[in-house]
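Here is a short report on selected features of one protein model. Keep the sequence and the 3D view open while reading.

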Amino acid sequence: MGNAYQDRLRYVYKITSSRIRKADYDLHLTYQEATVNGEVASIGNHQVFRFIDRIRGYKEREQDLARIKLEIERLKALNTNAEHKRAMKKLHEELKNLKFADDYLLVVIENNKDYDRLNSSKAFSINGKKYKRLLATTGGAKSSTVIYVSENIHPLLEKRLNNGRDPNKELVPAKLEAYKALACSTSTPVSHPERVLVVQDCITEFGADIIQIDDTETEYPRIESRKNEPIQMNMSDGFGLISPALSERWASELGNEYIPSGFCIRNSFCKGMVFTFDYHEFADRVAGKYMVDDAWGNPVDIREVDLILTTSMLKLWSSYNSIDDYLLCCGYYGYTFSVTKVTPEELEDERHLNYQFIQSLQLNDNEIGELIRPTIDSIIDVLGEDHRKALLFLKGIHIHENDYRNSPDDYIKGLMVDPRLIDDPFVRSKIHTLIRKRMNEAKIGVLRVKGNFSIISGDPYTVCQSIFGLSLTGLLSSGEFYSRYWNERHVDRVACFRAPMTCHNNIKVLRFQNTDEMQYWYRYMNTVTILNSWDTTTHSLNGADMDSDQVLTTDNQTILGAIQELDAIVCVQKTSAQKIPDEKDLIQANKDSFGDLIGFTTNKITSMFDVLANYEEHSAEYQEMMYRIQCGQHYQQNAIDQAKGIECKKMPKHWYDIRAAVTDESALKMVAHKKPYFFIYNDPEQKKEYTTYVEKTSQKCLQLFGMTFNELYSKKELSPDQEQFLAQYEQRMPVSTAPSVMNRLCHQVEEEFNKLKLKQSESPFDHTILMSTKKYSQARYKEIQRLYQMHNEELRSYMTNLRKSKVKKEERSARWQLFVSRFKEQALEICNNEEDLCNMIVDMCYRNAEKSKQFVWDVSGDQIIRNLLLSNDHIIHYPVRDPEGDIEYAGRTFKMTQMHVKEQRLENHSE
């Protein structure tokens, strides 16, 4: 994680409702306690934080951040003395106060009773400050997390979030909550466009063969195949257009030196992509006119417009009298246009599959072998401890100079500077850990394929035709798509996936077109995949829209050969009633959306694929399981949209719960109550349960029959007791071992890796290459030793708390960064001179094999890199693709190249 990103983070308390309840709703908590307990969360800067800064009268945050960081860097180059240590401590305190937002609080709601008490008139307080519910974001609601803010600024924030909208408009409460929550998307403000145009969405009509799923009037979903069904499609759902001039300006403001294909933007009640397209030229060359009507029916000269939004982007457009009314409110309440995501300059050449993309493919064992081979080879290639191949394994096959500049100061960066680091036992251990991780990931379908993820767009030519009132044709016909990336590689057909995925109907084959006209009009849209306006591709992709949804496309021939092109599933959804929402309605909307029903539904569908594998394709059981899996898409889409006010029925319990199915023998045979075998590599608790069961069964087998389980299993003739033993073994097995494609894939990967052994190098390592020649104070060395001991004690508490709380990977990483930064700050307050500090810590930890080397890199990684650069003339080396190269890795050849890097910190100061 780069330093620039870290600087944009804000820190807030994240506390469970039971913690507040046990403190009698008056909790006192220090920042240090919260860090050790894992009760501090880091959040990217967003509009609500900017509102809070404005309310509190704080206008110079970015400048002060830069000033403090600069002063810290200056102190790190000075000799250590009492004055400098005090100054360092003061700066760290200023930095913490600048980043920590005590007006903003995250509460994890553990039950509705807690939630009602927190929202009651009795209120609650943290460190003497009272808080009040603001909102729950769509993502936050999945983990039952709600945002609270200081009671004294709550009314001002509410006014800003509502942004002068018409309060008498009836809305679905859940939708209003989701629209307000857009202000909590991490974003970077950009300059205001010259003029903004809001247009009605572009609706196209066509006929298509579909599978319709509807449970609005029935207990169970009804599936019906419909031929040439009339379809009305919002082909501009979630996207608009940006002029090339404004696109270039915003890109420059965001530090990019290219014109992006598009930006994902935010403003009040506004969300979606704007793609770079020259609609001014379209007016000149195609439309032959400049006046168009906006969404309110007002005439606008498009020559004055540099940003076009659609009504699906500006969610509450009808709550304002005009675009001028909306923008006036935005200006008054402090909203600005901001960017959450920018399309890349180039797309990658290689990405990974996941099990959802694989589980519905009909692959034989040979085809599975072909699919896993590139991943297996890439891991085998790195076992020889060649530092060049290690870099390709660690950084990917497309390393370039920005990979060095934008990387954290870690051992991987060090390896690019000095190849001797490959002999560091710590570095070898880290690489071996990552190899084991990649091995386990391969067992759950994380497999390398040629291809990339790209954001999808509708055809901007069709949108322009709609804006100017022309007949709708677009440049792409039904079944046609455009991708500059694949066209440049002369690939005309790819497999297309979008997560989350349920059934085979969600896989789409895209066939690309590449006419001169397309190349001209789509010339700025280099790294997006453009869909046509005339077929059900978005329905196939599990209800995709164009507000920054991404797809994985690959030309992998094994996958393409296994795809059956099936009709799209169209799910009929029922929306909750509209009303004028009050606080009670919004709280109820939160309660209705708490819990990750999406993940729950997706996991049950995966289990159903395992049950499916037990039956012949034309059997009644197979057809029933296919019905359930297809219905899974309906349940999954409703779960995704539940936070936006879609009524959501739960999947029938007897489909996945053996207790609910036990009364019906036919239901019992098809109940998907076990996770598939391959999931043991995705869930440590599941693996422990499976391993314990197999070990105990093996012991029992020896006791009863005097043979190992494998010997019993391979016997041709069995006694009745032995037959019963094996039957009970399968019945009581905690996971499903059915011959599903993912289980078979997992077993093949296991067999491949069981042959491999990680090589333990005996090469000696001289740790002094990490140090400078400068001498350090023995007194301060002892202080650092005491800090290291305290670090280890707190680390044990930290890891215990982490194991107790099931947090997601991203949050775990953010918590670790907070934990590490606190000890780095404390170390610098003992010894402000970074060079001395590095020498002390390297000596302390590397002279003793038992001590943690991770502590060294966490605290002094940047100085280590600086020392390595100094001893290597500031030259780094990394491998690049070359047909004539001498390095063979993952079926490709590479050669080493070098680059001179400049010192990025201040010149060293000395006294």
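A residue counts as buried under 20% relative accessible area, as exposed over 50%, and as partly exposed in between, using a 1.4 Å probe and protein chains only. The model is predicted, so local features need pLDDT of at least 70 and side-chain atom pairs pLDDT 80 or more, while totals for chains, interfaces and linings use all residues. Numbering runs from 1 along each chain as its sequence is written, and side-chain values use heavy atoms, without hydrogens and water.

| Residue | Relative accessible area |
|---|---|
| Thr697 | 10% |
| Asp862 | 13% |
| Cys184 | 11% |
| Cys631 | 0% |

Helices are DSSP runs of H or I with at least four residues, numbered from the N terminus. Thr697 sits in helix H30, residues 684–705. Contact means heavy atoms within 4.5 Å. Leaving out residues up to four places away in sequence, Thr697 touches Phe709, Phe725 and Tyr729. Tyr656 is 41 residues from Thr697 in sequence and 26 Å from it in space, C-alpha to C-alpha.

Asp862 belongs to helix H37, residues 853–871.

**Cysteines**

A disulfide is a pair of cysteine sulfur atoms within 2.5 Å. The structure has zero disulfides. Cys184 is in none, and the nearest cysteine sulfur, in Cys264, is 15 Å away.

**Nonpolar cores**

A nonpolar core is a set of buried Ala, Val, Leu, Ile, Met, Phe, Trp, Tyr and Cys residues joined through side-chain atoms within 4.5 Å. The largest has 122 residues, and Ile435 and Trp857 are among those with the most contacts inside it. In soluble globular proteins, nonpolar side chains tend to be buried together.

Beyond four places in sequence, Ile435 touches Ile379, Val382, Leu383, Phe393 and Leu758.

**The second largest pocket**

The second largest pocket is lined by 29 residues. Ser360, Gln362, Leu612, Tyr622 and Met626 lie nearest its centre. On a 1 Å grid over the protein atoms alone, a pocket is an open set of points where a 1.4 Å probe fits, with protein on both sides within 12 Å along at least five of seven lines; lining residues have an atom within 4 Å of a point. Helix H27 gives the largest share of the lining, five residues.

Methods: Helices (H or I, at least four residues) and strands (E, at least two) are DSSP runs, numbered from the N terminus.
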